[in-house]
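User: I have a structure here and would like to learn how to read its features. Please take me through it step by step.

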Amino acid sequence: MSAKPRLHIIVSSTRPGRVGPKIAAWFQQFAAEHGGFDAHLVDLADFELPVYDEPNHPRMQNYQHEHTRRWAASVAAADAFVFVTPEYNFTAPPALFNALQYVYNEWNYKPASFVSYAYASGGLRAVQEVKTLLTSLKIVPLVEQVMVPMFPQHLGEDGEFIANEQHTASAQASLDELLRWTKALAPLRQQ
């Protein structure tokens, strides 16, 4: 691991008109100021992953498609993740579930947190659904996360995300705990 572990902040929605990139940009800036990570934005839309189309099981890492190889390299490069996700119909976007299942070994022994957003639920139901899958991929999902209920109330006229004190306190706690787990899991990732 380099001096600072690499954090991928993954924009999990690919639908047109999404606000995830604005919320992710705020979190990326906050992570940069936190100083514990080398923080990078990763947008699932940039990978254009079709519904899983590899003929071999992901554990084999015998990827036949360029989009899979690009995605696998991105996941492998990270030491930790923050998934920025909305809630669609009481769960996370299908693009996130699809992307998670494209690879396997590349996820192993890395911690993850969330920045979730929705209306009344703040995206908590989506996060709970994703956590079940994360444990199957040997990702350690953390309790600490940022929740943004009634997200339109936190968007400025230009669409920028305007964090409140609760958001920043939660982001601080999430990053602190994510750094602790990233360091603790480092020996497992090096085996």
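Analyst: Let's start with Lys138, which sits in the loop between helix 4 and strand 5. Helices (H or I, at least four residues) and strands (E, at least two) are DSSP runs, numbered from the N terminus. A quick note first: this is a predicted model, with residues numbered from 1 along each chain as its sequence is written. Local features need pLDDT of at least 70 and side-chain atom pairs 80 or more, totals for chains, interfaces and linings use all residues, and side-chain values use heavy atoms, without hydrogens and water.

User: What is the phi of Lys138, and how exposed is the residue?

Analyst: Phi is near 60 degrees, a positive value in a residue that isn't glycine. Lys138 counts as partly exposed because its relative accessibility is 35%; buried means under 20% relative accessible area, exposed over 50%, partly exposed in between (1.4 Å probe, protein chains only). Met150 also has a positive phi, about 50 degrees, without being a glycine. Met150 belongs to the loop between strand 6 (146-148) and helix 5 (165-189), and is partly exposed at 32%.

User: Which residues touch the most other members of the largest nonpolar core?

Analyst: A nonpolar core is a set of buried Ala, Val, Leu, Ile, Met, Phe, Trp, Tyr and Cys residues joined through side-chain atoms within 4.5 Å. Here the largest has 29 residues, and Trp71, Phe83, Leu100 and Trp107 touch the most other members. Elements that each supply at least two residues include helix 2 (66-77), strand 3 (80-86) and helix 3 (94-102). Helix 4 gives the most, with 5 residues.

User: What does Leu100 touch?

Analyst: Leaving out residues up to four places away in sequence, Leu100 is in contact (heavy atoms within 4.5 Å) with Phe83, Trp107, Val130, Leu133, Leu134, Leu137 and Ile139. Apart from this core lies another, of 26 residues, among them Ile9, Ala24, Val146 and Leu179.

User: Which residues of helix 3 are buried, and what covers them?

Analyst: An α-helix has 3.6 residues a turn, so residues three or four places apart point the same way. In helix 3, Leu96, Asn98, Ala99, Leu100 and Tyr102 are buried. Their cover includes helix 2, strand 3, helix 4 and strand 5 (139-141).

User: How many helices and strands does the chain have, and in what order do they run?

Analyst: You'll find 5 helices and 6 strands, running β-α-β-α-β-α-β-α-β-β-α from the N terminus. Of the 191 residues, 50% count as buried.
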